[in-house]
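Trainee: I am new to this structure and would like a close look at one part of it. Please start with the aromatic rings and then go on to the rest.

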Amino acid sequence: MLNFTVGPVMSSDLVRSIGQEQVPYFRTKEFSEVMLENENLIKEFAGVEENGRVVFLACSGTGSMEASVMNLFTSKDNVLVINGGTFGARLVQLCQIHSISYTEIIPEFGYDITDDVLKQYDNKGYTGFLVNLDETSTGVLYDINRISKFCKRNNLLLVVDSISSFLCDPFNMKELGADIMITGSQKALACPPGISLIAMSERAVKCIKQSRVQSLYFNLKDALLDGERGQTPFTPAVGILRQINVRLREIKASGGVESEIKRIRELAYDFRCKIKDLPFKFASHSPANAVTSLFPLTAKAFDIFTILKDEYNIWVCPNGGEMRDKVFRVGHIGNLTTSDNTILINAFKDLQKRNII
């Protein structure tokens, strides 16, 4: 199988080898050392300030999105949410569920937001800003520097779902003044799904410690407290956390976060150059490094996904809902190479010869 989805993705041999081992007991100093190293490396790669923290939850990225919203905001808050697709809509849904007042910013399909759009929300009493930085349903990357400037001048808590953009696009929490960054094990960390993590600024940590959350599992005060000794309140996904550890070490040994971003950016550029002569149109006018979203001009998107999977053993990423037959996506994260890009391009050319696209 050759996997071009945006999660789960292709893992390195070393990460996969850890997955084959027996899972050890975790209430030990050895596992605590692994967890503390994981936290320190994530802090380094995400640019978390010294007194910031990282907690690891045994859930999907959506779990960490919900935990962040629950622990940082209350019904007294009023937040802005960028809703440019499936995952922006999920942030809106979380605000609705937890009775947090919100205003949606809905950009034009395939486009980033602009300064003029943001300016109309200046000095309007908002307390927070929620954005999924790479809206992977459309492949749009929002300008985090523009958002950062807006949040700083309005003193807003900035919550960033960076699930598909962490290690793919430049992001430094301290420089941006971001308070929360969320990511998951199955994206550019290139491990199996099952762990999501929340990186927090010092300001976010203080807010969370003062919050009163009506939840047992998603009370981040407990996660922060246990994390001080490299542990978690409840049984974690021990095997995946060990895989994350070797993956973070791989990244560090290969030149760190800048090198990893460069590798993914070059993979994306290589693919986009190779596909230009084929019957597809780019869906995003602000493309993220992690994914390329494509409009097929001569076929249904879901049919292309199905044929590649069933006949070529190649996986691309389908869409659901209204975009099911309109857009499919090709990921550039995980253990992929430019040679793998060529294999996918050759499969597309074969589909063209067969008059399928």
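How many aromatic pairs does a search of the whole structure find?

Mentor: This is a predicted model, and a search through the whole of it finds 12 aromatic pairs. Take Phe280 and Phe328 to begin with. Their ring centres are 5.5 Å apart and their planes meet at 80°; planes over 60 degrees apart count as edge-to-face, so this pair is edge-to-face. The two residues come from distant parts of the chain, 48 residues apart: Phe280 belongs to strand β11 (residues 280-282), and Phe328 to strand β14 (residues 328-331). Both Phe280 and Phe328 are buried.

Phe328 also pairs with Phe348. Here the centres are 6.0 Å apart with 45° between the planes, and the pair is tilted. Phe328 is in strand β14 while Phe348 is in helix α13 (residues 338-353), so this pair ties together parts that are 20 residues apart in sequence. Phe348 is buried, as is Phe328. Elsewhere, Tyr25, Phe26 and Phe31 are joined into a cluster by ring pairs.

Arg324 lies over the face of Phe302, 3.8 Å from the ring centre. The charged end of Lys309 sits over the ring of Trp315, at 5.8 Å from its centre. Asp303 belongs to helix α12 (residues 301-312). With a relative accessibility of 41%, Asp303 counts as partly exposed. Between Asp303 and Arg324 there are 21 residues' distance along the chain, and their C-alpha atoms are separated by 9.5 Å.

An unreviewed UniProt entry lists Lys187 under "modified residue: N6-(pyridoxal phosphate)lysine". In the model, Lys187 is in the loop between β9 (180-184) and β10 (196-200). Its relative accessible area is 10%, and under 20% counts as buried, so Lys187 is buried. Setting aside neighbours within four places in sequence, Lys187 is in contact with Val6, Gly7, Val9, Ile163, Ser164 and Ile333.

Helix α9 (residues 220-227) can be described by what is buried in it: Leu220, Ala223, Leu224, Asp226 and Gly227. The elements that cover these buried residues include α2 (29-46), β2 (53-57), α3 (61-72), β10 and α8 (202-210). At the start of α9, a side-chain oxygen of Asn219 comes to within 3.1 Å of the backbone nitrogen of Lys221. Asp226, also in helix α9, counts as buried at 15% relative accessibility. Not counting residues up to four places away in sequence, Asp226 touches Gln231, Thr232 and Pro233.

Gln243 is placed in helix α10 (residues 238-253). Its relative accessibility is 5%, so Gln243 counts as buried. Apart from neighbours within four places in sequence, Gln243 is in contact with Val15, Arg16, Ile18, Gly19, Cys191 and Pro192.

That leaves the question of cysteine bonds. A disulfide is a covalent bond between the sulfur atoms of two cysteines. With a cut-off of 2.5 Å between sulfur atoms, the count here comes to zero disulfides. Cys151 is buried, with a relative accessible area of 4%. For Cys273, the closest cysteine sulfur is in Cys168, and the 18 Å between them is too far for a bond. Cys273 counts as partly exposed, at 33% relative accessibility.

Technical notes: Residues are numbered from 1 along each chain as its sequence is written. This is a predicted model: local features need pLDDT of at least 70, side-chain atom pairs count only at pLDDT 80 or more; totals for chains, interfaces and linings use all residues. Side-chain values use heavy atoms; hydrogens and water are left out. UniProt positions are given in the numbering used here, feature names are shortened, and annotations may be inferred rather than shown by experiment. Helices (H or I, at least four residues) and strands (E, at least two) are DSSP runs, numbered from the N terminus. Buried means under 20% relative accessible area, exposed over 50%, partly exposed in between (1.4 Å probe, protein chains only). Contact means heavy atoms within 4.5 Å. Rings of Phe, Tyr and Trp (its six-membered ring) pair if their centres lie within 6.5 Å; planes under 30 degrees apart count as stacked, over 60 as edge-to-face and the rest as tilted. A charge sits over a ring if NZ of Lys or CZ of Arg is within 6 Å of the ring centre and within 35 degrees of the ring normal. A polar contact is a pair of N or O atoms within 3.5 Å; within protein, one must be able to donate a hydrogen and the other to accept it, and residues adjacent in sequence count only if both atoms are side-chain atoms.
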